[in-house]
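Subject: Structure handover and notes

Hello,

My notes on it follow; please read them with the coordinates open.

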Amino acid sequence: MTLGRRSFLKATLAAATVSLLAGKLSLVREAFAEVKRGNLHLVWLQGAGCSGCTVSLLNTTYPDVVDVVLGILPGAGAVSIDFHPTIMAEWGEEALKALERAERGLLNPYILVVEGSIQGEPPEGKGFWCLLGSETFEERFRRLASKAVAVVAVGSCASYGGIPAAKGSVTGARGCLEVLGREWASTAGLPVVNVPGCPPSGDWFVETLAHLILAYKGVLPPPELDEVNRPAFLYRFLAHEHCPRATFFAESVFSERFGEPYCMFKLGCKGPLARCDVPERGWINGVGGCPNSGGPCIGCTEPGFPDLFEPFTEAKLPQPLLPPRLEAAIPAARRLERPLETPPSGFPYFSGAAFAAAALAAAMAGLYLRKRRREG
Amino acid sequence: MTLREMVIEPVTRIEGHLAIRVLLDPDRRMVAEAYTSATMFRGFEIFLKGRQALDAQWIATRICGVCSAAHSIASAESLDMALKVSPPPLGILLRNLGQEADMIYDHTLHWFQLAGPDYSESVVRKANPGWLREAGRVKAEEASAYGYHTIYDIMAGLNPLEGRLYLKALRMGRLAREAATLILGKLPHPASVVPGGIAKNLTPGEVSAYASMLMHLIDWIKEWRAVAEDLCRFLDEKLNYVENGLREANLMSYGVYEDHEAYDGKRENMDAWAVKRWVTPGVMVNGEIKTVRLAEVNEGLTESIAHSWYGDWGKPQFSDVDGKHPWNKETLPAPDFRNWDGKYSWSTSPRWRDVAVEVGPLARMWITATAGKISEAGAGCLRFTLPKSSLPEVEVEYRAPSKPNTIERLRARAYFAAWSAYAALGDLEKLLALLKRGVRESCRQPRPPEGMSRGVGMVEAPRGGLGHWSVVDGGKIFRYQVITPTNINVSPRDGEGRPGPIEEALKGTPITEPGEISGVDVVRVVRSFDPCLACTVHVYSP
């Protein structure tokens, strides 16, 4: 071998320009330095999902998954991924042994990551919708959740039911929060942490994980969560508030058809309703993002996605009602040992809609700030 | 003779939920019978009903997070046809460029993160220790140019999370997704693909960015192709691993990567535009090409539910296709306990004129090379040049094999990544020509027709032919049916008891493990079909 693993990684890392993301990197570095003292385990289950969240996780760039798992950051330890159906070396019974070890307390502490929704029992109790090694997915999930130091629902399916729970679905698909309940707490006293999105940005998952590790080690307070248990530091602002096309909205210059470079509100963009920083962050390594590349926001980080936001291509903002099962929202922070400060603005779920409605009304009333001639 | 039953559940390093039951013949040390069981149901066909046709693409792409680019483009093509809109040439090329980069990412991940570990030094040391001695003696003929002296070096490079190839592939996969994201906005689940074209309009700066990423990927593909060729030749010639996953040459390809001047999304012109794709559509039965007409490929498809947990859907609606064709199908789930002699899978059994055809890169390369419909193809060969990047120019020649097996599936996948890169270069050139002429339109507005209309989008996802069939009524989805490539490959037995392609390929596969049987030969067969893979962080054993 001409280039060993160490030198290859070193070379790659040296080539990385980390300064842009220094804040994030230092957070992750501290987190993994903490983990060095004891191995932290990850058990990653896939229910009714599409593996998109797993692929998305691979999109993180600085640090990337290789960096994180090998713990090559200065002074960092390693995270061990003990079970992940799409990547693990073992198969069949050998693979399931990792889950048994976790259930018997031999992988302590472990974070349970869930991708995909959890489906119910088929009618008449016959058969199954989803199996994991001859057992229904839900049975496995409940047992593993009871021993986990944290349960992280990655993606909108695991958070709220998502696409498999869309109107017309017959499988009783739900998110972790609904299955375990709002009062449920992990062995470390944390409620279910949701990182929704379809899929969520890979960076969001890595940053959430880092924050949880630091919280577990007592370095940081537990992450503040919003009404639907999302880390507030990631989901505070609307896609619209992060959008590079938002200026056109303020100026009432709208794209009339796909492919035009203006605000896509009239094409049905749901950016004023969905909390997401991808328009600013980009999708991979700063490249892409939905409105950035002409795709309207379809509200994929929100409860009620997709039904609440359809038709996607109609300029109509729905009444932003939480689906009934999530209505009794209790800010998770209240249940934590250390009281957390309420952020100054709170997390007004409806503010985006109100803002958009007001702005739309203003636009309709002809209060144009400036009218632009559209290029041919 | 007592057969020994072995159930592998879950099958890992694939996308999704799969169980395999094999009956092993311990005396002859081979697989005597095999059953594949898909163990998860979500029901997209059911909940797409009644939604706005223009929204369908954003829902349907979410069927799979691994090959979501293919799903979004298949859905968009299905709706191009149903909504009677022809995308402009620029929009067609941009869809291609997005999908070509996506294909490179997807094949990279399959080769190195999912299937690769089965041929890595660490797995081979446990399962087939005899192979390693041989591997250390055999020179890596083509890969030596990239620093691999023997086959052992390649196997060590494949070691999960440590090997040079494994780690490089993780980062190259991301780079390919980055290139695709430049156009598709987001991957998984593209944001910018719409019926009538694509909402993304590239700036000249972004064209250079894409080109630069592509050239880096071509560097990677040159190394990968050499490594793949050496490893496959070793398995083939030195280890004689040819019976693993062997079956008859019954293959099907839908073709992919449209010609920007030919594609108009119209059903009546389907044969004309599809045959001009970079990858030729067609069906091969027992090594002979039966058709290269996409319309005929479409019309020959039927779906059996004899061994699947679904109910019959009764009277067909359209008489120009079979009652069991997806345009006539209704999805009626009927979950039940698994009965290996009765119903045992959530996958249905798609067949082409009653033949269990295999789909995937091997079918694409084989049919394209044999049909000779494009200038690079002829007499079972596909010849093309990967131009100078930071590495020297490479002449690539792909020769169709005599029969499909595990080795040939692996080999074809690496070559198809090279072919996709070549197609991307060609499309980039056409794109520049359009931009030079001042063409800017990437999307046309669909006007949903009155009454009921039908569409089909048949393209190649990374793991084979992917079809989306839509029936639109008054702008809303009346019916939406999807047959995924994995649906075809992992299909259970059909009404006549004919096994699915993976079941067939498993039957007769020899067991090479000298000691206790872990099933490594079985999972190698299954993974060679790349059953809807996903990706990778990887297992780390401290």
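A salt bridge here is a side-chain nitrogen of Lys or Arg within 4 Å of a carboxyl oxygen of Asp or Glu. The model is predicted, so local features need pLDDT of at least 70 and side-chain atom pairs count only at pLDDT 80 or more, while totals for chains, interfaces and linings use all residues. Residues are numbered from 1 along each chain as its sequence is written, chains are lettered from A and ligands numbered from 1 in the order in which they are written, and side-chain values use heavy atoms, with hydrogens and water left out.

Salt bridges

Over all chains, the structure holds 61 salt bridges. One of them joins Arg233(B) and Glu141(B), with the closest N and O atoms 3.9 Å apart. This pair links distant parts of the chain: Arg233(B) sits in helix α9 (residues 204-238) of chain B, and Glu141(B) in the loop between α6 and α7 (151-157) of chain B, 92 residues away. Helices (H or I, at least four residues) and strands (E, at least two) are DSSP runs, numbered from the N terminus. For exposure, buried means under 20% relative accessible area, exposed over 50%, and partly exposed in between (1.4 Å probe, protein chains only). Arg233(B) is partly exposed because its relative accessible area is 25%, whereas Glu141(B) counts as exposed at 55%.

Arg233(B) and Glu141(B) also belong to a network of salt bridges, whose other members are Glu142(B), Arg225(B), Glu229(B), Asp236(B), Glu408(B) and Arg411(B).

A second pair that links distant parts of the chain is Arg498(B) with Asp354(B), at 3.8 Å from N to O. Arg498(B) lies in the loop between α14 (485-489) and α15 (501-506) of chain B, and Asp354(B) in the loop between β10 (349-352) and α12 of chain B; 144 residues separate them. Arg498(B) is partly exposed at 28% relative accessible area, and Asp354(B) is partly exposed at 47%.

A local case is Glu134(B) with Arg137(B), whose side chains meet at 3.0 Å, N to O. Both residues are in helix α6 (residues 129-137) of chain B, 3 residues apart, which is about one turn of the helix. Glu134(B) counts as partly exposed, at 22% relative accessibility, and Arg137(B) counts as exposed, at 62%.

The three-stranded sheet in chain B

Chain B has an open sheet of 3 strands in the order β6-β7-β8, with antiparallel pairing. Its edge strands are β6 (251-253) and β8 (288-291), each of which pairs on one side only. Direction ignored, neighbouring strands of this sheet are turned by 25° against each other on average. Two strands pair if DSSP finds at least two bridges between them; β6(B) and β7(B) (residues 282-285) have 3. Within that pairing, Met252(B) stands opposite Val283(B).

Helix α12 (residues 361-371) of chain B packs on the sheet and touches β6, β7 and β8, its direction making about 85° with that of β6(B). Contact means heavy atoms within 4.5 Å. Axes are lines fitted to C-alpha atoms, for helices over the stretch in contact, and angles run from 0 to 180 degrees between N-to-C directions.

Strand β15 (residues 464-473) of chain B is mostly covered, with 9 of its 10 residues buried. β15(B) pairs in the antiparallel sense with β14(B) (residues 452-461) over 10 bridges, and with β16(B) (residues 476-483) over 7 bridges. Gly455(B) has Ser470(B) in β15(B) as its bridge partner, and Gly467(B) has Ile483(B) in β16(B). β14(B) and β15(B) form a hairpin with 2 residues between them. β15(B) and β16(B) also form a hairpin with 2 residues between them, and Gly474(B) in that turn has a positive phi of about 55°.

Helix α16 (residues 520-528) of chain B is largely enclosed by the rest of the structure, because 9 of its 9 residues are buried. Among them are Asp521(B), Arg524(B) and Arg527(B). After α16(B) comes Asp530(B), with a positive phi near 55°.

Chain A

Chain A has 14 helices and 7 strands. Of its 376 residues, 61% are buried.

Regards
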